[in-house]
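Please read these notes beside the sequence and the model.

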Amino acid sequence: MNKSLHLLPWLLGLAVLAMLPQLITVKYYLHLSILALIWVIVAQGQNLIQGFTGYVSIVQAGFMGIGAYASTLIGLNFQWPLWLTMMLAPLITALFALATGYPSLRVKGHYFAIVTLAFNLIIVIVLVNYSELTKGEAGISNIPKPWGGSREAFYYLALALAASLTLLAALIARSRVGEILLAIRQNEDFVAAIGISAWKYKLFAFVISAMYAGLGGALYAHFQGFINPEIFGVAQSLDAILAVILGGSGTIAGPVIGAFLVVFLPEILRFADSFRLILYGLILVLATIFMPIGIVGIAKSAFARMTRRGGQHGG
Amino acid sequence: MADTILRVEQLSKSFGGVRAVRDLSFEVSAGEILGLIGPNGSGKSTTVNVLAGVFPPTAGSILLGGQAVETLPEAKRVALGLSRTFQTAKVFPEFTVRQHVAMGCHTVRQINSFASILPFGAWRREQADIDREVDDILQLCGLHAVAERVVASLSSGQQRFLMIATALAARPKILLVDEPAAGLVEHERQDLAELIRGIRQRGIAVVIIEHHMALIMALCDRIVVLNFGAKIAEGTPAEIRANPAVIDAYLGEAA
């Protein structure tokens with residue numbers, strides 16, 4: 001009974017999202033919703049390394065870039081079908097994450113954050129300067145879109161992928177791997193003392209998080225039809241971090257809510273005109289200071305307070 | 001006596017010019033309680049850290065059940081049967097007591113933790129076995145009543161018992177306990193002595209570092225005394241109490 005109770009909000013949310021294209025009249029909002037679903041994937045990945053493992057990585061957008069360029073360039077140069085290149089994108093990203101994660105996961109805390117930030121900067125520099133391949137700052141346009149560019153169809157593709165990858169994140173979280181990641185976040189030194197090789201699990205979390213980003217990046221490329229290096233800069237990596245913090249780090253619902261916030265909030269604030277981004281920044285700073293456990297964290301503790309009288313519930 | 005679990009031979013550890021442990025040799029057998037005592041800075045904790053694999057020895061060898069382990073990482077040594085606790089309470093504060101002890105079962109599990117991501121029942125069934133083992137350990141360590149509590153809400157004394165419980169969950173052959181009685185009140189110290197005897201009864205060898213002499217003298221079968229990183233005496237509690245070198249270096253006349 002408890003289990004079905006937990007599933008109910010998820011099924012409701014999924015039903016609402018499935019009906020959304022019928023409910024939305026303004027096409028632009030459908031466009032934003034697709035971006036938000038792509039960001040759900042990216043943020044779920046970020047949450048694995050940041051929220052569960054406690055390692056703040058600042059290279060998520062860089063990994064999106066690797067996925068986006070990998071899918072685009074393989075498609076353009078070898079004329080491979082779009083589906084194949086999109087499936088290859090997370091695998092190629094995983095290779096980069098393996099190579100970068102192995103050395104960088106030896107350092108902790110701020111040092112890890114700075115090392116990954118450096119990786120993101122390097123990725124952008126390479127994308128800008130290796131212009132024979134990437135067409136440099138000008139970017140690549142006319143990237144093929146599936147279904148002749150139908151937005152509704154793409155929406156359902158993004159929804160299906162976001163939902164299944166959220167489910168995968170939930171499976172990881174409730175497995176022993178998830179418990180070990182939480183243990184690493186709480187006290188990494190003690191993890192080794194009870195016989196667990198932490199590096200395996202950290203590397204796993206980092207590589208999986210990169211694969212999420214790689215797929216998100218490939219989706220982005222084939223949705224927008226245009227990519228350039230700037231899209232995959234450090235600023236977007238910070239958005240992934242904020243999506244996790246705002247939504248609720250170390251929770252499964254958190255990145256979903258956070259992803260919609262980081263996509264829609266700047267749009268909702270358009271009324272403020274040129275102060276828009278300042279206002280956005282201010283909201284983020286205040287939210288991070290005053291609600292570090294995120295929206296899901298606040299909702300959970302409020303719910304716990306409401307039901308405390310009715311008896312004790314786990315989780 | 002029973003077979004040797006741990007054999008330490010000519011172990012040395014230097015930090016720069018400081019020789020924290022010098023040419024230390026001793027043995028521990030199954031079901032034996034060995035005390036490691038000495039003044040502050042005599043190298044007791046360094047010895048535990050070198051044995052557990054926190055840092056490698058400068059020289060010497062560590063044989064665990066006949067196998068040389070001095071080059072193996074910490075986690076591997078736990079899997080081979082060497083567990084330890086820390087001077088200060090090191091715990092996972094957000095877990096429940098039950099979850100915390102179950103984390104210690106990692107090395108005894110048959111099902112790979114990555115396989116547990118797949119939503120099949122095998123690891124759930126294993127979890128049921130683990131739950132029984134955890135219950136048994138909680139009972140032994142007197143933590144049964146707080147099994148569902150969050151670790152952060154335990155007293156520091158209870159957290160020390162939790163550390164021992166978690167170490168036991170790895171089914172060690174030998175347990176190194178580093179100053180387990182520090183900060184414990186009298187009745188907790190008695191519980192601790194009782195627990196360590198209970199652990200011995202299960203055939204586990206115990207190496208205990210402690211400053212509380214009454215506890216050490218009451219518990220240990222044998223005692224090794226360190227001073228400036230070197231062994232200055234070894235023997236039964238009665239022999240150690242009467243040893244002039246030990247009285248001079250550590251115990252003092254009053255003891």
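1. Helices (H or I, at least four residues) and strands (E, at least two) are DSSP runs, numbered from the N terminus. Directly after α1(B) comes B:Gly53, which has a positive phi, near 95 degrees.

2. This is a predicted model, in which local features need pLDDT of at least 70 and side-chain atom pairs count only at pLDDT 80 or more, while totals for chains, interfaces and linings use all residues. Residues are numbered from 1 along each chain as its sequence is written, and chains are lettered from A and ligands numbered from 1 in the order in which they are written.

3. Helix α1 of chain B spans residues 44-52, and seven of its nine residues are buried (20 or more other C-beta atoms within 10 Å of the residue's own, C-beta atoms being placed from the backbone). Among them are B:Lys44, B:Val48 and B:Leu51.

4. Chain B is split into domain 1 (1-81 + 172-255) and domain 2 (91-170); such bounds come from an automatic or database domain assignment. The domain centres, taken over C-alpha atoms, are 26 Å apart.

5. Where do the two domains of chain B touch? In domain 1, 13 residues are in contact with 11 residues of domain 2 (contact means C-beta atoms, placed from the backbone, within 7 Å). On the domain 1 side, α2 (74-79), β7 (174-178) and α6 (186-201) each supply at least two residues. The most, five residues, come from α6(B).

6. The contact between the chains takes 23 residues from chain B and 18 residues from chain A. On the chain B side, α2(B) has the largest share, four residues.

Key: Buried ≥ 20, exposed ≤ 12 C-beta atoms within 10 Å, placed from the backbone.
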